Amino acid sequence: MADPYPQVFYRDALVPAAQAALGVATSAVLYGLSVYTVLPVRVDGRCSAFRLPEHYRRLVESCTIIGIDRFAAQWSYDRFAATVQQLVTANAPQRDVFVRVTVHVDESIPGTRVRGCSTAVSAFVYDAVPIVPQDGMRLKSSPWRRIPDYAIPSRAKVNGAYVNSVLAKQDAIDSGYDDCVFLDAAGHVCELSAANIFVVRGETLITPDVSCDILDGITRRTVLTLAAEEGIPVAERRVDLTELYIADEVFATGTSSGVAPALQVDGRTVGDGKPGPILQALRKRYAAALRADDPHGWVTIL
């Protein structure tokens, strides 16, 4: 568990964390009507944010999909970047952190609608504690199915949709596992509770494509780029659960999970039961990509 750092951005200013509160009658509270993004900030003599423009774009796209129509008009990328910089500077972290930025629909008792409703932006900093074990996860296929895109859009990071993830992960934890494997309505693999999934068979890196009810994760895209640079063959396609049972490697990607190996799925050992060479190569490349001197241009100095 990690607590927010003392200074939180809320609405238009930095305030003490305890003062950043939404009303109980707002749509954000009543319906979970908020969208968010989480981005990593590396602290190494100076603070640097990873793929900041992409995280802003994801907020804009999530708002567009859901119908939140005021954020993009009120928040330019420059304002977003300046706010992240102001927030991180005010909290002066001494170790790597995550920044979570959320757009809340804070209209009071509007009913089940969204267009024209007022919004409030919040952002806070917390220690970059991974949400899954980094030395090897035990995964369980979930009896709860992933919400299909035609019910709640998978491409949008909608707060209320994460009830689905809570149900699935809690079932996995209650059963003695670290996380779940979500399947879609047809039984194909989607992702973990809050991370994308990759499978290695032979020399090929395989991951569900973006039409498979997954979040089009920023870390996922990063890993696909790094894999191509490493000369690793990649296939984006539907994945069956049984492919995980016979895979050479399985791993997860995400801002909050990093690049983390799974060593067991439904009680079956993955490969030789150790983190595999493709995982280790991509994990190393990802760690390098977070540094300010990385040549990809993905890092913004704050």
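Colleague: Two strands are taken to pair when DSSP finds at least two bridges between them. In this predicted model, how many residues lie between β1 and β2 in their hairpin?

Modeller: Strand β1, residues 7-10, runs antiparallel to strand β2, residues 13-16, and four bridges join them, which meets the requirement of at least two bridges for a pair. Within this pair, phenylalanine 9 stands opposite leucine 14 in β2. The turn of the hairpin includes arginine 11, whose phi is positive at about 65°, and the number of residues between β1 and β2 is two.

Colleague: Which strands stand at the edges of the open sheet, each with a single partner strand?

Modeller: The open sheet has seven strands with antiparallel pairing, and their order is β2-β1-β6-β5-β3-β4-β15. From one strand to the next, the twist averages 30°. Two of the strands have a single partner each, so one side of each is left without a neighbour in the sheet, and these edge strands are β2 and β15 (299-301).

Colleague: Which residue of β5 stands opposite valine 41?

Modeller: In the order of the sheet, β5 is written beside β3, and eight bridges join strand β3, residues 34-43, to strand β5, residues 97-105, with the two running antiparallel. Valine 41 belongs to the range given for β3, and the residue that stands opposite valine 41 in β5 is valine 97.

Colleague: How many salt bridges does the rule find across the interface of domain 1 and domain 2?

Modeller: Contact joins 20 residues of domain 1 with 18 residues of domain 2, and seven residue pairs between the domains are in polar contact. A salt bridge, however, requires a side-chain nitrogen of Lys or Arg within 4 Å of a carboxyl oxygen of Asp or Glu. Across this interface, the number that the rule finds is zero.

Colleague: Which element gives the largest share of the side of domain 1 that touches domain 2?

Modeller: The elements that give two or more residues to this side of domain 1 are β3, α2 (52-66) and β5. The largest share amounts to seven residues, and the element from which they come is β3.

How values were computed:
Residues numbered from 1 in each chain as written. Predicted model: local features only at pLDDT ≥ 70, side-chain atom pairs only at ≥ 80, totals over all residues. Heavy atoms only, no water. Axes fitted to C-alpha atoms, helices over the stretch in contact; angles between N-to-C directions. Contact = heavy atoms within 4.5 Å. Polar contact = N/O pair within 3.5 Å; in protein donor to acceptor, adjacent residues only side chain to side chain.
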